[in-house]
Amino acid sequence: QEQRQEQRPQLQHQPSSRIQSKPATPPDMQDVAPAEESEEVDLSRSLRYSAEQLHADKAAKLLLRAEENLVAVHTASCKHGSDLIPQEERLLAGVARDSDMESYACKLRAIVNEKQAQLEKLTTALAEYEQRSANEDEARLHVRGVNLPWA
């Protein structure tokens, strides 16, 4: 028992060989918070996660963030679009009444620019989600030695 007690402190202070030998984190996976890095170390030690499992876990977390962001951006885009409808209706009524095409075109351009900005944000969020989803799928495929429903 004394030998075990002597060995435990040594094991606790030595970095895990799994952590030392893990591959470099790909650039798309580097935006994980420092708190999650600590969680990664805990997972590797307590659950003995392999580098592949850690990579898949990180990819899943990034995918979840991308999902949440996509839904939030889409929600904001829909809200913004519905807020623009009354403006557009007033604009149409005004041009039918006044026939001031210069003012109409200028105001319409402003509305179109707002819509384009919203669509650009939505397109960016959708592209990020699709990339994170592909990364997560790829990371899951490399996990070995664990019975997973998708394996």
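Visitor: Is Arg132 buried or exposed?
Guide: Arg132 counts as buried, at 11% relative accessibility. Buried means under 20% relative accessible area, exposed over 50%, and partly exposed in between (1.4 Å probe, protein chains only). This is a predicted model, in which local features need pLDDT of at least 70 and side-chain atom pairs count only at pLDDT 80 or more, while totals for chains, interfaces and linings use all residues. Residues are numbered from 1 along each chain as its sequence is written, and side-chain values use heavy atoms, with hydrogens and water left out.

Visitor: Which side chain does Arg132 meet in a salt bridge?
Guide: Arg132 meets the side chain of Glu128, at 3.9 Å from N to O. A salt bridge is a side-chain nitrogen of Lys or Arg within 4 Å of a carboxyl oxygen of Asp or Glu.

Visitor: And how many residues apart are they in helix H5?
Guide: Arg132 and Glu128 are four residues apart in helix H5, and are therefore separated by about one helical turn. Helices (H or I, at least four residues) and strands (E, at least two) are DSSP runs, numbered from the N terminus. Glu128 is partly exposed, with a relative accessible area of 32%.

Visitor: New topic: how many salt bridges does the structure hold?
Guide: The structure holds seven salt bridges. One of them joins Glu88 and Lys115, at 3.1 Å from N to O. This pair links distant parts of the chain, with Glu88 in helix H4 (residues 51-98) and Lys115 in helix H5 (residues 101-141), 27 residues apart.

Visitor: What about Arg140, with which residue does it form a salt bridge?
Guide: Arg140 forms a salt bridge with Asp137, their closest N and O atoms being 2.3 Å apart. Salt bridges that share partners join Glu136, Asp137 and Arg140 into one network.
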